[in-house]
Amino acid sequence: RYISVTGVQTCALPIYPLWLDDSLAPAFVRGVFDADGHFTTHTTVAKSPVSDRVWTYVVPSLGITGYLPFLEDIREVLSRIGIRATVHKKKSPSGKVGRLLVSRKGDIIKMYDWMYQSSSICLRRKFKKMALWRRAYG
């Protein structure tokens, strides 16, 4: 089955494979993240309204872009293991594209630990970027 996300025909899984054994779920989600995910951070500065105190902190974000029903299924899998994620619809020609977002630090740490718990195959650059953040801020 194919859908057009940006005018280019791409293969799309219609739903999460519910028959997938729970022990394989981390590897499956890691594969989806490697293909269509992102991990970003930005630095935010906050100033106290009552003093001269200023705080600088790093805000992480983990996301996966894809077919809305598929992302809802992944969100449900993450929810079952205690990871809070939201799915937002994106503007697209098909109207069926969304983005799954994990934005809480604790949930990103939990997702990192879950996805990479027994990984030997992964996209190294995404793994390294998350591992550096995990060591510095987790």
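**Figure 1. Crossing of helices α1 and α2.** In this predicted model, the crossing of α1 and α2 is left-handed, a term used if the near helix is turned anticlockwise from the far one by less than a right angle, right-handed being used if clockwise. Ala25, Phe28, Val29 and Val32 of α1 make the contact with Phe70, Ile74 and Val77 of α2; contact means heavy atoms within 4.5 Å. The two axes come within 12 Å and cross at roughly 140°. Axes are lines fitted to C-alpha atoms, for helices over the stretch in contact, and angles run from 0 to 180 degrees between N-to-C directions. The helices α1 and α2 are therefore oblique to each other; angles under 35 degrees count as roughly parallel, over 145 as roughly antiparallel, 65 to 115 as roughly perpendicular and the rest as oblique. Because the model is predicted, local features need pLDDT of at least 70 and side-chain atom pairs count only at pLDDT 80 or more, whereas totals for chains, interfaces and linings use all residues. Residues are numbered from 1 along each chain as its sequence is written, and side-chain values use heavy atoms, with hydrogens and water left out.

**Figure 2. Packing of helices α1 and α3.** The axes of α1 and α3 are 8 Å apart, and the helices pack at an angle of about 110°. They are therefore roughly perpendicular to each other. From α1, Ala25, Pro26, Val29, Arg30 and Phe33 meet Met111, Trp114 and Met115 of α3.

**Figure 3. The four-stranded sheet.** An open sheet is formed by four strands in the order β3-β4-β6-β5, with antiparallel pairing. Two strands pair if DSSP finds at least two bridges between them; helices (H or I, at least four residues) and strands (E, at least two) are DSSP runs, numbered from the N terminus. Strands β3 and β5 (86–89) stand at the edges with a single partner strand each, so one side of each is left without a neighbour in the sheet. On average, neighbouring strands of this sheet are turned by 30° against each other, direction ignored. Helix α3 packs on the sheet and touches β3, β4 and β6, its direction making about 55° with that of β4.

**Figure 4. Strand pairing around β4.** Strands β3 (residues 37–47) and β4 (residues 54–67) pair in the antiparallel sense over 11 bridges and form a hairpin with six residues between them. Within this pair, Phe39 stands opposite Leu62 in β4, and Thr43 stands opposite Val58 in β4. Strand β4 also pairs with β6 (residues 97–102) in the antiparallel sense, over six bridges. The bridge partner of Gly63 in β6 is Leu101.

**Figure 5. Buried residues of helix α3.** In α3 (residues 105–115), the buried residues are Asp107, Ile108, Ile109, Met111, Tyr112, Trp114 and Met115. Buried means under 20% relative accessible area, exposed over 50% and partly exposed in between (1.4 Å probe, protein chains only). The elements that cover these residues include α1 (25–36), β3, β4, α2 (68–80), β6 and α4 (124–137). Asp107, which lies in helix α3, has a relative accessible area of 3%. Not counting residues up to four places away in sequence, Asp107 touches Gly82, Ile83, Arg84 and Val102.

**Figure 6. The largest nonpolar core and Leu100.** The largest nonpolar core has 33 residues, and Leu100 and Met130 are those with the most contacts inside it. Such a core is a set of buried Ala, Val, Leu, Ile, Met, Phe, Trp, Tyr and Cys residues joined through side-chain atoms within 4.5 Å. Two or more residues are given to this core by each of α1, β4, α2, β6, α3 and α4. Leaving aside neighbours within four places in sequence, Leu100 is in contact with Leu62, Gly63, Ile64, Leu71, Ile74, Arg75, Leu78, Ala85, Thr86 and Val87.

**Figure 7. The chain as context for the close-up views.** The protein chain has four helices and six strands, which follow the pattern β-β-α-β-β-α-β-β-α-α along the sequence. Of its 138 residues, 36% count as buried. Among the contacts with a separation of 6 or more, 55% are accounted for by residues 24 or more positions apart.
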